[in-house]
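Keep the sequence and the model in view while reading.

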Amino acid sequence: MILGLFGAPKADMVGTEQMSADPWALLPAASTNAQAIDTLYVFITALCGISMLGVVGAQVYFMWKYKKPANGHRKTSPITHNGRLEFIWSAIPALFMIVLFAWGEIGFVEQFSPPPDAINVRVTGQKWDWTVEYPDYPGAVLSSSSAVPTEEQQKQLQAAGEWGEDIIDRKPTLIVPTGVPVRLTLTSKDVIHSFYIPVFRLKRDAVPGRYTTYWFEATQEGEFPLFCAEYCGDEHSSMIGYVKVVSAEQFEVELKEATKLEQKDAESLADFGKRVFDRGGCKTCHNIDNDEAKTGPSLKGIWGRSEQLTDGSTITADDNYIRESVLDPNAKIVSGFSPQMPSFAGRFNDEHITALIEYLKTLK
Ligand SMILES: [Cu+2]
C-alpha cells in the first residue's frame, strides 16, 4: 500500500545478515499488528507533513503580504483577536488529536488482548540467549544459543581447528505459522532483556520475576531477524536469532524438525541419554548427584537398587522398571512418594528410553 511508495523489500531480500539491500526501504510488515502500526504511523507522518505545509505556508504568505511597503511604513492593525478563527484553529487540531488517541488506544488494547485460540509460546531471556518453549507441543524447545556460538564457544572451536561458517548451526529461535495468532509470555532469569522482532513491530521487555505478554499473527512467510533490545551486559549483542514463519500446514513439521532429539554420530548412548534427561526436565524433581529426595526420589545409584513400593512389595530397578517408571509412572509408586510424575509416553520413543536407561546406569 502506501509503504510501497518507499519500496518495501520483498521477503527474500530479508535475512539475519542484512535487513534489506535497499537502504531507503521500510521494513516489511510481516504481521497484522505490524500493518496496523504502519498505517497509523503513515497517517501521523502525513498529518504532520500537511500541518507543517499549512503553518510554514501561512508564514511565508504573511511575510510576503505584510512586507514593508516601498513607500514608507504601514500602521499596525487595530484588530485584537478573532474569536471564530481562534476557535477553528483550536477545534480542528483537537479533533485530529482525538482521532489519534482513539486509534492508538484501540490498537493498544487489541495488542494486549490475545484471542483465546492463540498458540502459547513461552520466551525466557537469560544472559545471553533466548529459550523458546511451546507448552502445547510437548518437548518443543528452541533456543537462540544454537544460532550463534558464544565468544567462549568460538574460542574453543578455534583452538580445536574447527572454526568455520559450517560450524554455525543456524536453527531458528522461534517458529510460527502464518494466519494463526501466537501469544508470547515473556520472562527473564536474570536481568531485563527485551524481545524485539522488527518485522512484527514487536518489542516487549522480559523482566525477572514477572510475566509480560504480547501477541501477533504473522502474515508473511520467511526468515526474519530478532534481537535483544535492552542492553544487558557485555554479550548483549550475541542475543540474536531469527524467527522462521512457515505456512500453517508446515508448522508442526518444521517445529518437530527443529526440536528433534536424536543421537548424534559418535555420541555414546549414555551421553545422548543425558540430553534426553535434560530435555525431559527430570532434574526439577530428581537429584542425580546426592541422595536427597526432591519431589521424586534421588536417581543417584538407581540402577540395580531395590525399592520398597507403596503396596508393600519390593522390586529391583532394572531396565524394564525404569522404562515403566518413565512411560507409566503411576503403575508402581515408590514408598514415601506420591504419584506426581508426568508420563513421558508419546514424548519419548524407544531410543530415548534406552538412552535414558544407559545414562541412569552411569549415576553411581
Ligand atoms: Cu539481553
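## The β4–β10 pair

Strands β4 and β10 (residues 241-246) run parallel, joined by four bridges. The model is a predicted one. Within this pair, Ile175 has Lys244 of β10 as its bridge partner. Pro177 is partnered by Val246, also in β10.

How are the faces of β4 covered? Leu174 and Val176 lie on one side, Ile175 and Pro177 on the other, and all are buried.

## The five-stranded sheet

The pair belongs to an open sheet of five strands. The order is β4-β10-β9-β6-β7, with mixed pairing. Which strands stand at the edges? They are β4 (174-177) and β7. Each has a single partner strand, so one side of each lacks a neighbour in the sheet. From one strand to the next, the twist averages 25°.

Helix α4 packs on this sheet and touches β4 and β10. The direction of α4 makes about 160° with that of β4.

## Helices α1 and α2

Helix α1 spans residues 32-65 and helix α2 spans residues 83-111. Their axes come within 11 Å and cross at roughly 165°. An angle over 145 degrees counts as roughly antiparallel, so α1 is roughly antiparallel to α2. The crossing of α1 past α2 is left-handed.

On the α1 side, the contact uses Asn33, Ala36, Leu40, Ile44 and Leu47. Facing them in α2 are Phe96, Leu100, Trp103, Gly104, Gly107 and Gln111. By class, the contact of α1 with α2 holds seven nonpolar residues, four polar and no charged.

## Helices α5 and α7

The axes of α5 (residues 269-279) and α7 (residues 350-361) come within 7 Å and cross at roughly 105°. Angles of 65 to 115 degrees count as roughly perpendicular, so α5 is roughly perpendicular to α7. From α5, the contact takes in Leu269, Ala270, Phe272, Gly273, Lys274, Val276 and Phe277. From α7 come His352, Thr354, Ala355, Leu356, Glu358 and Tyr359. The contact of α5 with α7 comprises eight nonpolar, three polar and two charged residues.

Which residues of α5 are buried? They are Phe272, Gly273, Lys274, Val276 and Phe277. These buried residues pack against α7.

## Two residues with positive phi

Most residues other than glycine have a negative phi. Arg201 is not a glycine, yet its phi is positive, about 50°. Arg201 sits in the loop between β6 (193-197) and β7 (202-206).

Ala266 also has a positive phi, near 65°, and is a residue other than glycine. Its place is the loop between α4 (248-258) and α5.

Is each of these residues buried or exposed? The cut-offs decide: 20 or more other C-beta atoms within 10 Å make a residue buried, 12 or fewer exposed. Arg201 has 20 such atoms, so Arg201 is buried. Ala266 has 6, so Ala266 is exposed.

## Ser335 and its surroundings

Ser335 lies in the loop between α6 (319-327) and α7. What does Ser335 touch, leaving aside neighbours within four places in sequence? Its contacts are Gln308, Leu309 and Thr310. Ser335 and Gly312 are 23 residues apart in sequence, but their C-alpha atoms are 8.0 Å apart in space. With 13 other C-beta atoms within 10 Å, Ser335 is partly exposed.

## The chain overall

The chain has seven helices and 12 strands. Of its 364 residues, 21% count as buried. Consider contacts between residues at least 6 apart in sequence: 62% of them join residues at least 24 apart.

Notes:
Residues are numbered from 1 along each chain as its sequence is written. This is a predicted model: local features need pLDDT of at least 70, side-chain atom pairs count only at pLDDT 80 or more; totals for chains, interfaces and linings use all residues. Axes are lines fitted to C-alpha atoms, for helices over the stretch in contact, and angles run from 0 to 180 degrees between N-to-C directions. Angles under 35 degrees count as roughly parallel, over 145 as roughly antiparallel, 65 to 115 as roughly perpendicular and the rest as oblique. Two residues are in contact if their C-beta atoms, placed from the backbone, lie within 7 Å. Ala, Val, Leu, Ile, Met, Phe, Trp, Tyr, Cys and Pro count as nonpolar, Asp, Glu, Lys and Arg as charged, and the others, Gly among them, as polar. A crossing is left-handed if the near helix is turned anticlockwise from the far one by less than a right angle, and right-handed if clockwise. Two strands pair if DSSP finds at least two bridges between them.
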